[in-house]
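User: I'm new to this structure and would like to learn how to read it. Could you walk me through it, feature by feature?

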Amino acid sequence: MDIDEATDGESSTTSSDPMDLVTPTETTQSRPASEIGLQPSLRPRGNNPDLNPDIRAQRYKELHPEGTPRWTKEAIQEAQARVEKCKPGEVVYIPALDGTDVGFEVMTERIERNKQGVAMVGIKHFLEFFSAPTDYITPDPETRHPSLIYSNLALGHKFRRLDDEEDDEDDDPTENEIAAAGENFNAIFHTWTDSTIYKNMLATLRDYLSHIKGPVTKIIAFGCNSLSSPDVDKVDRERSAYQHAFLLMLRRVLLEMAWTPTEIEILLQDPAYTKLDRKVLGDCEMTVLDSPKGFLLVDEETFVFSCDPDVPVRQIVMDLAKPVGMVWDAVVAESMALDTRDPWDITIHRTINQHYNTYNLPKDKHFVLLKIYLRCLEGEISEKECERREEKMLKTMDFVQKNRILVSCGGANVQNVSSVYRRMRGSHGSDGSVMN
């Protein structure tokens, strides 16, 4: 939610480029609210001070030619260390992908007015993740300031209204709160496990996961949202419960496999989790990690889960490791022009084409557009098959580029574009790795 939307009693989480805040001045509060806007300070590395967009684009391509990682564990760890050390009022510098040092002022404890004139106070800062730029998407300047195009790591803030009571999410939950939240989750879990769709999903996973090549020691899930936070509406809390129930089913199936260790951890990363969530999920043997620990733990023995996350999970994970398996949003070039927080990327798609087979999940409204991706053995996918998948992807890209009118900013339009493409090109669109 943008800070401008916080006109009621709720808190607000905003990224590092809220365009309705400015660096502190003695007269900030007396200025018209429409003039308040944050402009990050930029300091390029080296002797060349030129921040011309064309020059920045050239630097980015020189430093990160197609196919090279944009995300590294070392860069994430270094940025997190800088964020942890910074104090209110200081400026923290985080390198961008074009080699530019981008300075972010720490706005925690600072009071500003949003465009509606409502006084807001920064209550928390954290490391924010943005997708690395692609040749196919021009980010909306209303949601991502042009100076941050090459900042995949940035400083984010959480705000609340100044006249609200202090954020109480850090208070320890009462026994009654824990019991009520646990009952709510269990009710949704049992409703789902008693359904026909659950039984179909369970049978599907048992069938497809038997193809896994290698051990699975942990499941790491990203962006599953809070089960209990008052900042999350009822529909999203229910959606969150179904996603966590899916994780329990996934672990159950993996533990049935002969090659699986006797225990599999379920690790969760999402800044939305509250202390109450941690307790309820802990009682189900799921562990909440502070960001960015989940990304740093991803390896070749990890099974990754995410569903429409607010961070570029697929970019980050595919650059950091080749997990044994993933359940996440379909990697289809039909979505190449959609400006989302977890966008399609040709590097991701090529990694899938070269190293993974794809399997469809039964249709379920709670898991729209998810697919299963299972890593193959070295050499299992022939050179001819890789070429076939590449050709299918490129044909889809050409189709989308010639029919941009079909693509708009809404994520739901992925389905519309896919359905048109399927009628023209085949049942699975650009997903050439689908095995069922």
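Analyst: Happy to. Let's begin with a loop: Asp308 sits between β11 (302–306) and α8. Its phi is positive, about 50 degrees, although Asp308 is not a glycine. Keep in mind that this is a predicted model.

User: Which residue other than glycine has a phi near 75 degrees?

Analyst: That's Glu109, and the value is positive there too. Glu109 belongs to the loop between β4 (100–105) and β5 (111–113). With a relative accessible area of 62%, Glu109 is over the 50% cut-off, so it counts as exposed.

User: Where is there a cis peptide bond?

Analyst: Look between Ser291 and Pro292, where omega is about 10 degrees. Pro292 is in the loop between β10 and α7 (293–297).

User: Let me step back a bit. How many helices and strands does the protein chain have?

Analyst: You'll find 11 helices and 14 strands. The chain has 436 residues, and 53% of them count as buried. If you take contacts between residues at least 6 apart in sequence, 72% join residues at least 24 apart.

User: Now the sheets. What holds strands together in general?

Analyst: Strands of a sheet pair through backbone hydrogen bonds, and they can do that parallel or antiparallel. In this structure, follow the open sheet of seven strands, ordered β10-β9-β8-β11-β12-β14-β13, where the pairing is mixed. Its edge strands are β10 (286–289) and β13 (356–360), each with pairing on one side only. From one strand to the next, the twist averages 25 degrees.

User: In which sense do β12 and β14 pair?

Analyst: Antiparallel: five bridges link β12 (residues 325–329) with β14 (residues 370–375).

User: What about β6 and β7, how many bridges join them?

Analyst: Nine, and β6 (residues 119–129) and β7 run antiparallel. Val121 is the residue opposite Arg160 in β7. As for cover, nine of the nine residues of β7 (residues 153–161) are buried.

User: Next, the inside. Which residues touch the most other members of the largest nonpolar core?

Analyst: Phe129, Phe295, Val317, Trp328 and Trp344 do, in a core of 55 residues. Helix α8 (residues 313–320) gives the largest share of this core, five residues.

User: What is Trp328 in contact with?

Analyst: Leave out the neighbours within four places in sequence, and the partners of Trp328 include Val304, Ser306, Val313, Arg314, Val317 and Met318. Leu369, Leu370, Lys371 and Tyr373 are also among them.

User: And Trp344, is it buried or exposed?

Analyst: Trp344 is buried: its relative accessible area is 1%. You'll see Trp344 in the loop between β12 and α9. Not counting residues up to four places away in sequence, Trp344 touches a set of residues that includes Thr134, Tyr136, Arg314, Val331, Met393 and Met397. Arg314 is 30 residues from Trp344 along the chain, yet their C-alpha atoms are separated by 8.3 Å.

User: Which side chain makes a polar contact with the side chain of Trp344?

Analyst: The side chain of His349 does, at 2.8 Å. His349 is part of helix α9 (residues 346–355), and this residue is buried as well, with a relative accessible area of 1%.

User: One last stop: where is Gly182?

Analyst: In helix α3 (residues 175–193). Its relative accessibility is 16%, which is under the 20% cut-off, so Gly182 counts as buried. Compare sequence with space here: Gly182 and Leu276 are 94 residues apart in sequence, while the C-alpha to C-alpha distance is 9.4 Å.

Note on methods:
Residues are numbered from 1 along each chain as its sequence is written. This is a predicted model: local features need pLDDT of at least 70, side-chain atom pairs count only at pLDDT 80 or more; totals for chains, interfaces and linings use all residues. Side-chain values use heavy atoms; hydrogens and water are left out. A nonpolar core is a set of buried Ala, Val, Leu, Ile, Met, Phe, Trp, Tyr and Cys residues joined through side-chain atoms within 4.5 Å. Buried means under 20% relative accessible area, exposed over 50%, partly exposed in between (1.4 Å probe, protein chains only). Helices (H or I, at least four residues) and strands (E, at least two) are DSSP runs, numbered from the N terminus. Contact means heavy atoms within 4.5 Å. Two strands pair if DSSP finds at least two bridges between them. Axes are lines fitted to C-alpha atoms, for helices over the stretch in contact, and angles run from 0 to 180 degrees between N-to-C directions. A polar contact is a pair of N or O atoms within 3.5 Å; within protein, one must be able to donate a hydrogen and the other to accept it, and residues adjacent in sequence count only if both atoms are side-chain atoms.
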